[in-house]
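Reader: I would like to learn how to read a model of this kind, feature by feature. Where do we begin?

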Amino acid sequence: MLSEPATSLPKPPLKPPVSTTSTKPEIVFEGISASPGIAHGRAFVYRKSEVEVPEYQVPKEERASEIERFNDALMQTRGQISAIRDEVSKSLGEDEARIFDAHLLVLEDQALIGETEREVEVSGKNVEACFNTIAQRYIKAFAEIDDEYLRERAGDIRDVTSRVLLVLLGQTVETLSKHLGEHVVIADEIAPSDAASLDRSEALGLVTTSGGKTSHAVIVARSMKIPAVVGVPGVMEDLENEEEVIIDGYDGVLILRPSDETLFRYGRRREEKAVLERRLLNAVQEPSITTDGHVVPLRANIEKEDECQLVKDHAGEGVGLFRSEYLYLAVPEVPDEESQYLAYRTVAEAFPHEPVVIRTLDLGGDKPMSGAPHLFPREDNPFLGFRAIRFCLKHRDIFKTQLRAILRASAHGNVRMMFPMISGVSELREAKEVLEECRQELIAEGVPFDEDLPVGSMIEIPSAALTVDQLAPECAFVSIGTNDLIQYLIAIDRVNDRTAHLYEPTHPAVVRVLHEIVEKSHAAGIKVSVCGEMAADPVYVPLLIGLGVDELSMTPPLLPAVKFLVRKTSLTEAKALAQSALATRSAKEIEQSCVSFYRQRMRGA
Ligand code: PEP
Ligand code: MG
C-alpha cells in the first residue's frame, strides 16, 4: 500500500518546462509507487551498460597501427582481469577465481581476434567498430545455443567485450550523477551507489523499468525525498531524452508528454499534498504516543553521517538503523578505521540522549562495492549469496576494521550495534567472537569504548525468525528487517518487477512470523524494533503496534506521517486489528482491514 500522506518537500506549483513542439500524444504508463511525491520535468534516459562505439574509416597506411592498438588493449585488459583473478583467489579461493579464467580465454580466442584483425584490413574501419561487430555476432550466436553452459559464455564475451572497448576508448565506467542536470531519470535499473550519488536538486524523480518498492535504490530515493516509480515496462522504448514527463510517486504513474489538462490536475494535486505535509510537519514535535498512552519511539534509518540534521528536522528519536555499507559503496577502496570511526562518532554525538544503532556491513545482494568488484564476483542468486555477515565472517580483516571503529565511536554516545542477515545462533556467536577479539585489542591498546555496548541481531531470515527463542537470550535487542524477511519468507525477489505484485507485507505467514518474533523476544526480556519499509508505511503501523512491536525505524521524511497515525491510534484498537489479522487467511483481507483502519484515522487530516 502506498503511504498516502504527502511526504515530499513543499514545491512551487507546477509550470511546464520550456516547451518543445511535439505532436505526439500523451501516454500514461502504470508502475509501482516507490517513493511519494510528484515530479515534473525533462527526461534523462540512462542506459548505463551501453558503451558508445564510434565508427570511422582508417587510412590504409594506419591499419597496422590500428591492429597494434587492438593488441595493446587486449594486453591491458588481460592485466586488469588477471589482477582481479589474483585478488579473488587470495580472498575467496581458487574455485571462485576460475570464473575469470573463462574471461581470460575470451581474450585469447584466435577466431575472435583473427576475425577482428581481418575486418580492420578489409573494411578499413576503426578497430573498436570492427571488434564490436564481430563480438556482437559471437554473443548472439552463443546466446541462442540450447546448451546452458555454452549460453553462459555469451555473458563472458559481453563482459570482456565492454572491458576491451572501454580500454580502446580510454574510458572508465561513468556514474549516473556525472550526467545529470535537472532531470527525471528513466532507467532500466539504478544501482544503490548510483542512487546515493544523486544530487537532490538535480534528480527530480526516478523511474525504472525493473525493481520492487524495497530495492535499495528506492530506499535511498525515499530518504532523499525523490519521487520514484518502479516496474514500468516498455518505457525505455517509447521515451526519448528531453521529453516532458510527470511522475506521480503516490499512485505509481508516469505520464509522457502531459496535456495542459494533466499539468493543471497535477499542479492542484501537488499543492494539496504540500498542504497536508505542512500539517503533518507542524505536529512532528509532539510525542509519539497512542491515544491511550502507549509510547512508540520512532527512530530514523540513515545511510550517511550527513543525514543527522534531516533526522532532527523530522524529530527522529535517534537512529534505529545506520546502513553503514553506504560508506563503502561508491568509494575506490575499503574505508579505513579512522574515517569510519569519525563517521560513526559524528552520528553518536548528534544524538547524545537517544540510541544510535549501527548495523555492521551489509554489502552484497543488490549492494556490491563498486570500487572492489573482485570482492563481489557475479552470482546467480545474489540475495541468497555472499552478503552481509557471510561476507564479513570470511573477510575478517574488513570486519574487524569496522568493529574497532564502531567500538571506538561508542565512547562518544549511546551507540548500539547489530549484525545483518544472521541465520541462527552459531553465526551470531561467531560474529560476537570477532567482536570480542576487537574489544581485547582495544583494551590492550588502552583505547576507550563503551564496555556495555548493547549488541543485537537483525531478524530478516526465516531461520532466524524460527529460532528467535534461541537468539533472543544472546541479544540485547532485535530489529526486524521486513524487506528481506518478506522476500525470503514468500520467496519473492525484492528487486524483481515481475514478482513485485506478490510481495505482500500482510501475507498471513508474515503476520504470524512477526507475532512469533515479538512473543519470543519479549519472553526473553528484550525489545523488538522494525526497521524495514513496513514500519514506514502508515497503513501497516497500527498492525505492527498491535502485534507488540516496541519501536519503529524509518527513512526520516516518513516520520511525520507515521507519527500522525500513532497519535490517532489506541493500543487497544491496534491489538484488536492484530488479533483479527492473525485469524485471517487472506493477505488481501488483512490489507483491507489495515487500509480501512488507516482511512478512518486519516479522515479530516
Ligand atoms: C530489511 O531487510 O528490512 C532491512 C532493513 O535491511 P535492508 O533493507 O538494508 O536489507
Ligand atoms: Mg535487510
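Reader: Is alanine 388 buried or exposed?

Author: This is a predicted model. Alanine 388 has a relative accessible area of 0%, so this residue is buried. Alanine 388 is found in helix H14.

Reader: What is the phi of alanine 388 near?

Author: Most residues other than glycine have a negative phi. In alanine 388 phi is near 55 degrees, a positive value in a residue other than glycine. Alanine 315 also has a positive phi, of about 60 degrees, although it is not a glycine. Alanine 315 sits in the loop between helix H11 (308–313) and strand E10 (319–323). With a relative accessible area of 13%, alanine 315 is buried, because the cut-off is under 20%.

Reader: Now the sheets. What is the strand order of the open sheet?

Author: Strands of a sheet pair through backbone hydrogen bonds, either parallel or antiparallel. Here the open sheet has eight strands in the order E1-E8-E7-E3-E4-E5-E6-E2, and the pairing is mixed. Strand E1 (27–30) and strand E2 (32–35) stand at the edges; each has a single partner strand, so one side of each is left without a neighbour in the sheet. On average, neighbouring strands of this sheet are turned by 30 degrees against each other, direction ignored.

Reader: Which elements of that sheet does helix H8 touch?

Author: Helix H8 (residues 216–223) packs on the sheet and touches E2, E5 and E6. The direction of H8 makes about 55 degrees with that of E2. Strands E5 (residues 203–208) and E6 (residues 228–230) pair in the parallel sense over two bridges. Leucine 206 has alanine 228 in E6 as its bridge partner.

Reader: In what order do the strands of the barrel come?

Author: The barrel is closed by eight strands in the order E9-E10-E11-E12-E13-E14-E15-E16, with parallel pairing. Its neighbouring strands are turned by 25 degrees against each other on average, direction ignored. One example of the pairing is strand E13 (residues 455–459) with strand E14 (residues 477–480): they run parallel and are joined by three bridges. Serine 457 stands opposite valine 478 in E14.

Reader: How many aromatic pairs does the structure hold?

Author: A pair of aromatic rings is described by the distance of the centres and the angle of the planes. The structure holds six aromatic pairs. In one of them, phenylalanine 70 and phenylalanine 131 have ring centres 5.3 Å apart and planes at 50 degrees, so the pair is tilted. Phenylalanine 70 lies in helix H1 (residues 63–91) and phenylalanine 131 in helix H5 (residues 127–143), so the pair ties together parts that are 61 residues apart in sequence. Phenylalanine 70 is buried at 0% relative accessibility, and phenylalanine 131 is buried with a relative accessible area of 3%.

Reader: At what angle are the ring planes of phenylalanine 399 and phenylalanine 419?

Author: Their planes are at 65 degrees and their centres 6.2 Å apart, so the pair is edge-to-face. Phenylalanine 399 is in helix H15 (residues 396–409) and phenylalanine 419 in strand E12 (residues 415–419), so the pair joins parts that are 20 residues apart in sequence. Both phenylalanine 399 and phenylalanine 419 are buried. Elsewhere, Phe376, Phe386 and Phe391 form one aromatic cluster.

Reader: What lies over the face of tyrosine 341?

Author: Arginine 408 does, at 4.0 Å from the ring centre. Likewise, arginine 601 lies over the face of phenylalanine 597, at 3.8 Å from the ring centre.

Terms used: Residues are numbered from 1 along each chain as its sequence is written. Chains are lettered from A and ligands numbered from 1 in the order in which they are written. This is a predicted model: local features need pLDDT of at least 70, side-chain atom pairs count only at pLDDT 80 or more; totals for chains, interfaces and linings use all residues. Side-chain values use heavy atoms; hydrogens and water are left out. Two strands pair if DSSP finds at least two bridges between them. Helices (H or I, at least four residues) and strands (E, at least two) are DSSP runs, numbered from the N terminus. Axes are lines fitted to C-alpha atoms, for helices over the stretch in contact, and angles run from 0 to 180 degrees between N-to-C directions. Contact means heavy atoms within 4.5 Å. Rings of Phe, Tyr and Trp (its six-membered ring) pair if their centres lie within 6.5 Å; planes under 30 degrees apart count as stacked, over 60 as edge-to-face and the rest as tilted. Buried means under 20% relative accessible area, exposed over 50%, partly exposed in between (1.4 Å probe, protein chains only). A charge sits over a ring if NZ of Lys or CZ of Arg is within 6 Å of the ring centre and within 35 degrees of the ring normal.
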